[in-house]
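This report goes through a helix and a set of charged pairs. Look at the sequence and the structure first.

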Amino acid sequence: MFKDNKAFSGFSVDDISKAKAFYSTILGLQVTEEMQGLLTLHFANGSKVWVYPKPNHQPTTFTILNFMVNDIEQTVDDLNKLGVQFEQYNEPYLKTDEKGICRGKPLIAWFKDPAGNILSVIEEEKLQN
């Protein structure tokens, strides 16, 4: 039924001003303000995600956005310098190192936005000749 339809995702935050500052200034995304207090996050591949204010917002317990990066070590270091703290996990199925990087395949590190929603950076696998 929807195979030819465009789609997009969205998520809530408790403070739209903090969200706008974080996504535009810290993460460097293009962010536009829409009607009724909505934000649109614009990504390099042309996709968009809506961010909307919700007074009774509850942070997600799962990853809502994954950012593909070329060098996870450098990205984690750069985000740390901007005040982003990475999550630490020590579960049998999920362990991170002191930097917050899970060293499986793929390399991945999780962090939260100001509303407590979980985001990640994932290192793109290097192409082999």
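## Salt bridges

A salt bridge here is a side-chain nitrogen of Lys or Arg within 4 Å of a carboxyl oxygen of Asp or Glu. The model is a predicted one, and by this rule it has six salt bridges.

In one of them, Lys99 and Asp77 meet through their side chains, at 2.8 Å from N to O. This pair links distant parts of the chain: Lys99 is in the loop between strand 7 (94–95) and strand 8, while Asp77 is in helix 2, 22 residues apart. Lys99 is partly exposed at 22% relative accessibility, and Asp77 is partly exposed at 28%. Salt bridges with shared partners join Glu73, Asp77, Asp97, Lys99 and Arg103 into one network.

Glu73 belongs to helix 2 (residues 72–81) and Arg103 to the loop between strand 8 (101–102) and strand 9 (108–112), 30 residues apart.

## A link to helix 1

Another salt bridge joins the side chains of Glu33 and Lys20 (2.3 Å, N to O). Because Glu33 lies in strand 2 (residues 30–33) and Lys20 in helix 1, the pair ties together parts that are 13 residues apart in sequence. Glu33 is exposed, at 55% relative accessible area, whereas Lys20 is partly exposed, at 29%.

## The sides of helix 1

Helix 1 spans residues 16–26, and its buried residues are Ala19, Phe22 and Tyr23. They cover an arc of only 85° around the axis, so they lie on the same side of helix 1. Ser17 and Thr25, on the other side, are exposed.

At the start of helix 1, a side-chain oxygen of Asp15 comes to within 3.0 Å of the backbone nitrogen of Ser17. Gly28 follows helix 1 and has a positive phi, near 75°.

Definitions and conventions. Residues are numbered from 1 along each chain as its sequence is written. This is a predicted model: local features need pLDDT of at least 70, side-chain atom pairs count only at pLDDT 80 or more; totals for chains, interfaces and linings use all residues. Side-chain values use heavy atoms; hydrogens and water are left out. Buried means under 20% relative accessible area, exposed over 50%, partly exposed in between (1.4 Å probe, protein chains only). Helices (H or I, at least four residues) and strands (E, at least two) are DSSP runs, numbered from the N terminus. The arc is that of the directions from the helix axis to the C-beta atoms. A polar contact is a pair of N or O atoms within 3.5 Å; within protein, one must be able to donate a hydrogen and the other to accept it, and residues adjacent in sequence count only if both atoms are side-chain atoms.
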